[in-house]
Amino acid sequence: MDIPRFGIPDRLAERMSMAEQHEYLRSRLTRRGVLRTTAATAAVAGAGVTTAGAASPAYAAPTAFTSNSRTRVDGSLAAPFGRHLAYGADPKTQMRVSWQVPFAVKKPYIRIGTSPWSLSRKIDAEVRHLTTPALNGGKIAAAEQFYVHAGLDRLRPGQTYYYGVGHDGFDPADRRNLGTLGTFTTAPAHGENFTFTAFGDQGVSYHALGNDQVILGQNPAFHLHAGDICYADPSGSGQSSDQYDARTWDQFLAQTESVAKTVPWMVTTGNHDMEAWYSPQGYGGQNARWSLPANGPDPVNQPGVYSFVHGNVGVVALDANDVSYEIPANFGISGGKQTQWLDKRLGELRASHAVDFIVVFFHHCAFSTTSSHASEGGVRDAWVPLFEKHQVDLVINGHNHVYERTDAIKGNRVGRKVAIGERTDPTRDGIVYVTAGAAGRSLYSFPVPDSYEGHVADRDSVDTFHWAKGGAKVTETVEWSRVRYTNYSFLAVEVEAGRHPRMKVSALAETGERIDHFEIQRGR
């Protein structure tokens, strides 16, 4: 019998939800006597700032494989790596600092201060130990990974901080280690101009690294990653693939560190981020590696659902696996609670006088015309009506490995054509949807020619399809595909505050060349 997915037969796996796959794997390996559950250790202390060592307050320890040996190395030889930041629920006063160590270390901690010469005393951090067994008959090596997290609260708005991470034997305040210090800046107390960047579907590649470096040049306040983060599971079907290699996360976090150690890297979950080995929902690995705002409806079972406000922009992250008709492994996992929370949260943000713009990001595309995934009907059915009800200003997706931008859409139709360089008003025109899935993985194709800045090839219509309930493909002819670009790229959004706030949205190629731009201004 062909057993390509962690020991789950093909025909069986195709019928199993993520929870069923997790239980199958867990019971199968338990019978072999090699499975146990570990408890994450947490130590919290405060010095100068209030800390929340468990940055996700309801963190659930992932299922872990027992190793008969533990590598022991002197702490001075185990340098931290893979630093990545994330905002807490309040970006003005909260930052979560995460990193990785190659081996088990003693007493990990963080130091923080407003200059590299005045760092605080040691502030204890939390270790989340994640262990993965050898897979596919040993073809994929076992991996033990140690992720460390520190939650910093009561920071000052608009303040730049220096920080260093360490453990017994490795002190970032030691003169020999000062080169390991990082910085971050909290969100301002009041509306100020800033830039943020976004993409999805990054993985580990030269193109992914190239995009990171161009992003760093934009000096973004934060970055949005719309899912399919590292592709440790390349199958992407919500099944535990024989190709799954947890060590890919080590490569990814090392690759991303040059940006993410300074820029909050706000991720959400894609279909390749469902890793059945770790938890019933497949998000146990996500909980171990990231500390995201815990203000969504269920931060343990759906860590990629949360919101935050930076300046005059409210940002909402969603888990589209919950509503996906195309890849239903986690379909309906929230029991409708995510959609109810979305309706409530969008209403709160729209009612806030401090919020001018609402940006929503998630993985599966509401509107796309690629020859691969195209459009997700589950998103259209569940969420697009709420986006229109609350007049969301911009929706950012990944999933399709291209850049595509729509006209302003109302009721699944063109509300107003938005040519390159034009301005749109969401209060009357509708919503612009951007697919920014060309961050580093292999590229997809369109059924029609590319059309982008300097190479415009407008078409009246495009023949494409969307996914319907039950996994059926429904063909459709659409008129909303305005910009298409088949190469590596990302999104950069310049936000202006003041009497006439606006968002200047640009798409930049891996080379730094601009391939699209338009403006969003409400009630102009």
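Let's start with Asp429, which is buried at 4% relative accessibility (buried means under 20% relative accessible area, exposed over 50%, and partly exposed in between, using a 1.4 Å probe and protein chains only). This is a predicted model, in which local features need pLDDT of at least 70, side-chain atom pairs count only at pLDDT 80 or more, and totals for chains, interfaces and linings use all residues. Residues are numbered from 1 along each chain as its sequence is written, and side-chain values use heavy atoms, with hydrogens and water left out.

**Salt bridges**

- Asp429 pairs with Arg428 in a salt bridge, with N to O at 3.5 Å (a salt bridge is a side-chain nitrogen of Lys or Arg within 4 Å of a carboxyl oxygen of Asp or Glu).
- Arg428 is partly exposed, at 47% relative accessibility.
- By this rule there are 23 salt bridges.
- One of them joins Lys389 and Asp343, at 3.1 Å from N to O. Lys389 belongs to helix H8 and Asp343 to helix H6, so this pair ties together parts that are 46 residues apart in sequence (helices, H or I with at least four residues, and strands, E with at least two, are DSSP runs numbered from the N terminus).
- Lys389 is exposed at 54% relative accessibility, while Asp343 is partly exposed at 24%.
- Asp393 and Arg522 form another salt bridge, their closest N and O atoms being 2.6 Å apart. Asp393 sits in the loop between H8 and strand E19 (394–397), and Arg522 in the segment after strand E30 (514–520), so the pair ties together parts that are 129 residues apart in sequence.
- Asp393 is buried, with a relative accessible area of 1%, and Arg522 is partly exposed at 21%.
- Arg423, Glu496, Arg502 and Glu519 are linked in a salt-bridge network.

**Helix H6**

- H6 covers residues 337–351.
- Its buried residues are Gln338, Trp341, Leu342, Arg345, Leu346 and Leu349. They cover an arc of only 130 degrees around the axis, which puts them on the same side of H6 (the arc is that of the directions from the helix axis to the C-beta atoms).
- The face turned away from that buried side carries the exposed residues Gln340, Lys344 and Ala351.

**Around Ser279**

- Ser279 lies in the loop between strand E14 (265–267) and helix H5 (284–289), and it is buried at 10% relative accessibility.
- The side chain of Ser279 reaches the backbone nitrogen of Gly284 at 2.9 Å.

Technical notes: The expected span of a helix is 1.5 Å times one less than its number of residues. A polar contact is a pair of N or O atoms within 3.5 Å; within protein, one must be able to donate a hydrogen and the other to accept it, and residues adjacent in sequence count only if both atoms are side-chain atoms.
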